[in-house]
Amino acid sequence: MIKKLKSVVLVFFFLFMGIRVNAATCDYKTMAELNKNASKITAAYEVKRTNNKESFDITVHNIIEELYVTVVPTSKTIEEIETFQISHDMTQNGTYTFHVDNISDVIEYQFIVRTTKENCIEDIYTFYLTKPKKNKFYEKEICKYSEVVDYYYCQEWVETEFSIADVDIEEKIKKERENKRKNVTTKCLSCEAETKAIREKEKKNLIKIILIIALGVGIIIDGISIVLLMKRARRTNIWE
């Protein structure tokens, strides 16, 4: 009898524990709500200039109490960068800003959104942000010409590490400038030819208008002359 009672108790115990575990699982409705809130989390960078020194502020928005963000930085030029977490209690109204002094390397930040809810252990949402680097060619004389100020290799901030040598980049900038100058020269020559043609056409039209007006005036004068002659002839006939 005691053994049977123990068995019944054990059965009820496991059933009860099973119900608790099932109740605490991360169900579809919970995950849907977490996904909705996680997708609202965004990040953006801002270039800061203080005392002639440049740096970055990276701000993460919309971190709610049930969510936290793991930030994983990676770079092709830096061997190790520390991973860190941002929880809601570290934010100000869901917003957290971290400072980056590095302006010489491209750093890609992976933001992995997770939750503090029990049994919801999977990554909910992941997004990325690339912090650019200062382009060393931007300050060089070769990039100060108007033809290349918008050229990629002359941009102030770039989001990729250049894969070619500096001498090759400088050669590309020079060629870009030469091509732009040739295009501008060609455009100017064609513009001059077009302008000349327009002026010639306007000149011919003006001559035509002058001739038409002159012809019209001549016809009017001839008409008046004929009328006067006819009147004079009538008067002559009367007196005779």
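The stops below cover disulfides, aromatic rings, charges over rings, a pair of residues and a surface patch.

This is a predicted model, in which local features need pLDDT of at least 70, side-chain atom pairs count only at pLDDT 80 or more, and totals for chains, interfaces and linings use all residues. Residues are numbered from 1 along each chain as its sequence is written, and side-chain values use heavy atoms, with hydrogens and water left out.

**Stop 1: the disulfides**

How many disulfides does the structure hold? There are two, a disulfide being a pair of cysteine sulfur atoms within 2.5 Å.

Select cysteine 26 and cysteine 120, which are joined by a disulfide with an S to S distance of 1.8 Å. This pair links distant parts of the chain, 94 residues apart: cysteine 26 is in the loop between α1 (2-24) and α2 (28-38), and cysteine 120 is in the loop between β6 (107-115) and β7 (125-131). Helices (H or I, at least four residues) and strands (E, at least two) are DSSP runs, numbered from the N terminus. The torsion about the S-S bond of cysteine 26 and cysteine 120 is about 100 degrees, so this disulfide is right-handed.

Is each of these residues buried or partly exposed? Cysteine 26 is partly exposed at 22% relative accessibility, while cysteine 120 is buried at 6%. Here buried means under 20% relative accessible area, exposed means over 50%, and partly exposed lies in between (1.4 Å probe, protein chains only).

Next, select cysteine 143 and cysteine 154, a disulfide with an S to S distance of 2.0 Å. With -75 degrees about the S-S bond, this link is left-handed. Both cysteine 143 and cysteine 154 lie in the loop between β8 (133-134) and β9, so the pair ties together parts that are eleven residues apart in sequence. Cysteine 143 is buried, with a relative accessible area of 4%, and cysteine 154 is buried at 2%. With the bonded cysteines numbered in sequence order, the pairing is 1-2, 3-4.

**Stop 2: the aromatic rings**

Rings of Phe, Tyr and Trp (its six-membered ring) pair if their centres lie within 6.5 Å; planes under 30 degrees apart count as stacked, over 60 as edge-to-face and the rest as tilted. By this rule there are twelve aromatic pairs. One of them is the edge-to-face pair of phenylalanine 56 and tryptophan 157, 5.2 Å centre to centre with 75 degrees between the planes. Phenylalanine 56 lies in strand β2 (residues 53-61) and tryptophan 157 in strand β9 (residues 157-158), so the pair ties together parts that are 101 residues apart in sequence. Phenylalanine 56 is buried, at 0% relative accessible area.

Now select Phe84, Phe98, Tyr109, Phe111, Tyr125 and Phe127, which form one aromatic cluster.

**Stop 3: charges over rings**

A charge sits over a ring if NZ of Lys or CZ of Arg is within 6 Å of the ring centre and within 35 degrees of the ring normal. Then select arginine 177: its charged end sits over the ring of tyrosine 145, 3.4 Å from the ring centre.

**Stop 4: glutamate 161**

Glutamate 161 is found in the loop between β9 and α3 and is partly exposed at 24% relative accessibility.

**Stop 5: helix α3**

Finish at valine 217, which lies in helix α3 (residues 166-239) and is partly exposed, with a relative accessible area of 40%.
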